[in-house]
Amino acid sequence: MSQITKQDVLRQSNALTTAAYSLGRNEKRILYIALKHFLDNPVDYKKTEFGHVSVDIETNRYASLFNSENASKEIAAAANAMKGKEVVFYLPDEDTDEDKAYDSFTWMVKRSHRPKRGVTTFYFNAELISIITEVKSDFTKFLIGDAGELGSGHSMRLYESIKQWANRRNNVSFTVQWMIDRYCLPKSYERMSDFRRRFLKPSVEDIAKKTDIKLRYTEEKRNGEIYINFEWDSIIRDKSTKVIEEELTPLEQAQVIHSKLVAKENVTKKELQVLKKNLTEFSLSGGQLCEDAIEALRALS
């Protein structure tokens, strides 16, 4: 496996960013390494033997990446904790009035620990990996080093949700119930006092202290539901942000710009020029322009 650094950008499928699951900090770190590996080394998941794909987590590399003094114990604990856990993808188009539709997958099918070699091998569910590595224009990007420094799996999940919108706007709102469901928070967190004290306040402080987003929030009740309105100033334009921006290929830039047009978000003239310049490659990759994109490009001409 190639060396992963703190400055490596992870493009995480929004299918995973919005899925329902609960992983702790060390398990999330393992997942970041695994996703980066599978994205960099794509395989035909339908032809995988025994329905799994593997990634070696080397103790010394994990220790270096996350400044861990207890890397071996953290990896072993993560392997044990991930055993039997599931990730759930909700399918609202298939819902009924009484019940929600979903697909549920276990993360792993096997784990192997080799202490003499300083490596633990995680065998991930191949069908699941095929879903969460399907990264086109619908993805969230962040630095592995930034996300991996956060202190809990809960603050990592909130950070990912904020990053999904951070490059398009300076605010986003989630209902309390949505966060409880998606992050698989304890049922006791349905009490707002527990939600604020145990999840919201520490997670926001963790993100503001350790990442490129200085997060703040307000609460609002609308239509019987409590919303948390998250706001932040423009993302700090430091070296980390520049790395993320430069990581996108011209085709990926065009795909992101088109997705903004699909979502009816504001697109600058410069962005339209990027889309126009890469229109042929966009089309060859299977992209089809929406009506708003066609009209905007005509106006640009």
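**Exposure and charge pairs**

Colleague: Why does Glu220 count as partly exposed?

Modeller: This is a predicted model. In it, Glu220 has a relative accessibility of 34%.

Colleague: What makes Arg222 and Glu220 a salt bridge?

Modeller: Their side chains come to 3.0 Å, N to O. The cut-off is 4 Å between a nitrogen of Lys or Arg and a carboxyl oxygen of Asp or Glu, so the pair qualifies. Arg222, at 29% relative accessibility, is partly exposed.

Colleague: How do you know that Asp40 and Lys36 form a salt bridge?

Modeller: The closest N and O atoms are 3.6 Å apart, and the limit is 4 Å, therefore the pair is counted. Both residues lie in helix α2, 4 residues apart, about one turn of the helix.

Colleague: Is Lys36 buried or exposed?

Modeller: Its relative accessible area is 10%. Buried means under 20%, so Lys36 is buried. Asp40 has 41% and is partly exposed.

Colleague: Why is Arg197 called exposed?

Modeller: Arg197 has 54% relative accessibility. Exposed means over 50%, so the word applies to Arg197. Asp194, which meets Arg197 in a salt bridge at 3.2 Å, is buried, with 6%. Both lie in helix α9.

Colleague: What makes the patch that includes Asp93 negative?

Modeller: The patch is formed by Asp93, Glu94, Asp95, Asp97, Glu98 and Asp99. Asp and Glu count as negative, so the patch is called negative. Asp93 is found in the loop between β3 and β4, and is exposed at 78%.

Key. Residues are numbered from 1 along each chain as its sequence is written. This is a predicted model: local features need pLDDT of at least 70, side-chain atom pairs count only at pLDDT 80 or more; totals for chains, interfaces and linings use all residues. Side-chain values use heavy atoms; hydrogens and water are left out. Patches are made of residues with over 30% relative accessible area and no salt bridge: like charges are joined within 9 Å, nonpolar side chains (Val, Leu, Ile, Met, Phe, Trp, Tyr) within 5 Å. Accessible areas come from the Shrake-Rupley method with a 1.4 Å probe; for residues, only the protein chains shown count as cover. The place of a charge is taken as NZ of Lys, CZ of Arg, CG of Asp or CD of Glu. Helices (H or I, at least four residues) and strands (E, at least two) are DSSP runs, numbered from the N terminus. Buried means under 20% relative accessible area, exposed over 50%, partly exposed in between (1.4 Å probe, protein chains only).
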